[in-house]
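Welcome, and thanks for taking a look at this one with me. Here are some notes to read alongside the model, point by point.

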Amino acid sequence: MNRTVAKVAKILGADVSQVKDWARQFEEHLSAYANPPTGRERVFHDGDLLVLLHVQHRWKAEPDVESIKLALSRGEHREGPLVEHLYLHTPLLQEPPDDIDATWRHGVLLTGGARYGYLELARNYRQVAEATLRKALELDEVEEWAYPVLFAYRHALELYLKLIGEIDEVTHSLRRCLHLVETGRGSKLASPIREWILELDGIDPAGTAFRYADVGADRYFEYWFDLRHFQFAMERVFRAIDTEVLRVGAMGRPAKSAPRREKEP
C-alpha cells in the first residue's frame, strides 16, 4: 500500500520532519519512492513502513545507527510484532502498489470488470469444494465441516449449470437450472447423475439450507449423508457435465466455442 509521509508520521506517532530524517538516514533500506527526486512527493510502501517501525522501535536519545542498519540487513524488521502493527493500520481494500508484478503471489488484484474466462470461476469453486472435503476427511472433522463443504459443492454446481445454460433468470433452483440446460441440449443427463442433482435440489431448493442451516420446522428431515459417497458422486457429476454437455477435449476446452461470460444472476 502507498502512504504519504503525513500518514506514515501519524502511524508512527512521530513528526513529519523526523520521518523525513529517517528516510534519508536509512535510504539504502527503503524504496526509491521514499526518497524521490526534488519536486516529487514521498511515497512509502509496506516494506518502507516496516523499516521505519523498526527504526522507531530501536531509536534512543543516542541511537546506534550502525546497529539498526545491521538489524535491517538481517531482515529483523519483518518479524511478527512489526508486521502486526503494519496490518493494524492497513485497510482491506488498497490502491494497487506501484511495484506490483507477477512475483506478488500473496494477494489478488480485484477489478470491476470480468476477470475470468468461460467456466473458470465455476471450476475454481469446484476445486475449493474438493480440497475442503479432502481435508475434512483427512482431519476426521466431517461433522464440523459438512455444511460448508455441501454449500461449496452446491454453489459450484449451480454456477456450472447457469453458465452452461446461459441462464439469466433469478433462480437458485438446481431443478430449474437442470431443466433449462437439458432443454437447450435436447436431451436429459444420464442416470444416476440427473437423480443426484435433483436430490440436492430436493434438500436445498433455495440454496439456503447449507448456507444458513435454514430449514424450517415444517421441513424437518433426517438423512444419513455419506461424504465419501458424496465425493464419489460429485466427481462423476462434474465429469458428466464435462463429457456429456461440454464435450471437453484433451486440452480441457469445450469442443465448440463457448461465450466468455461469467455472470451469475
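Predicted model: local features only at pLDDT ≥ 70, side-chain atom pairs only at ≥ 80, totals over all residues.

1. Residues are numbered from 1 along each chain as its sequence is written, and side-chain values use heavy atoms, with hydrogens and water left out.

2. What is the overall make-up of the chain? There are 11 helices and 0 strands, where helices (H or I, at least four residues) and strands (E, at least two) are DSSP runs numbered from the N terminus. Of the 265 residues, 37% count as buried.

3. Now to the charged pairs. A salt bridge here is a side-chain nitrogen of Lys or Arg within 4 Å of a carboxyl oxygen of Asp or Glu, and the whole structure has 16 of them. One of these joins aspartate 46 to arginine 3, with the closest N and O atoms 2.7 Å apart. Aspartate 46 belongs to helix α3 (residues 46-58) and arginine 3 to the segment before α1 (5-12), so this pair ties together parts that are 43 residues apart in sequence. Arginine 3 counts as buried, at 3% relative accessibility.

4. A second pair to find on screen is lysine 69 with glutamate 28, a salt bridge of 3.3 Å from N to O. Lysine 69 sits in helix α4 (residues 65-73), while glutamate 28 is in the loop between α2 (16-25) and α3, so parts 41 residues apart in sequence are tied together. Lysine 69 is buried, with 18% relative accessibility.

5. How far apart in helix α7 are lysine 162 and glutamate 158? They are 4 residues apart, which means a separation of about one helical turn. Their side chains form a salt bridge at 2.7 Å, N to O. Lysine 162 is buried at 0% relative accessible area, and glutamate 158 is buried too, at 3%.

6. Salt bridges also link Arg123, Arg126, Glu130 and Asp242 into a network. Valine 149 lies in helix α7 and is buried, at 0% relative accessible area.

7. On to the surface. Patches are built from residues with over 30% relative accessible area and no salt bridge, joining like charges within 9 Å and nonpolar side chains (Val, Leu, Ile, Met, Phe, Trp, Tyr) within 5 Å. Asp140, Glu141, Glu143 and Glu144 make up a patch of negative charge. Glutamate 141 is in the loop between α6 (120-139) and α7 (142-164), and is partly exposed at 31%.

8. There is a nonpolar surface patch as well: Leu92, Leu93, Val108 and Leu110 together have about 530 Å² of accessible area, as given by the Shrake-Rupley method with a 1.4 Å probe, where for residues only the protein chains shown count as cover. Leucine 92, in the loop between α5 and α6, is exposed at 85% relative accessibility.

9. Threonine 90 is in the loop between α5 (80-88) and α6. Is threonine 90 buried or exposed? Its relative accessible area is 19%, so threonine 90 is buried. Its side chain reaches the backbone oxygen of leucine 86 at 2.7 Å.

10. Last, some backbone details to check. Most residues other than glycine have a negative phi, and most peptide bonds are trans. Leucine 119, however, has a positive phi of about 65 degrees; this residue lies in the loop between α5 and α6 and is buried at 0%. Aspartate 140 also has a positive phi, of about 60 degrees, and is exposed at 67%. The peptide bond from serine 191 to proline 192 is cis, with omega near 0 degrees; proline 192 is in the loop between α8 (174-185) and α9 (193-203).

Conventions
Lys, Arg positive; Asp, Glu negative; His and termini not counted. Charge placed at Lys NZ, Arg CZ, Asp CG, Glu CD. Buried < 20%, exposed > 50% of the residue type's maximum accessible area, 1.4 Å probe, protein only. Polar contact = N/O pair within 3.5 Å; in protein donor to acceptor, adjacent residues only side chain to side chain.
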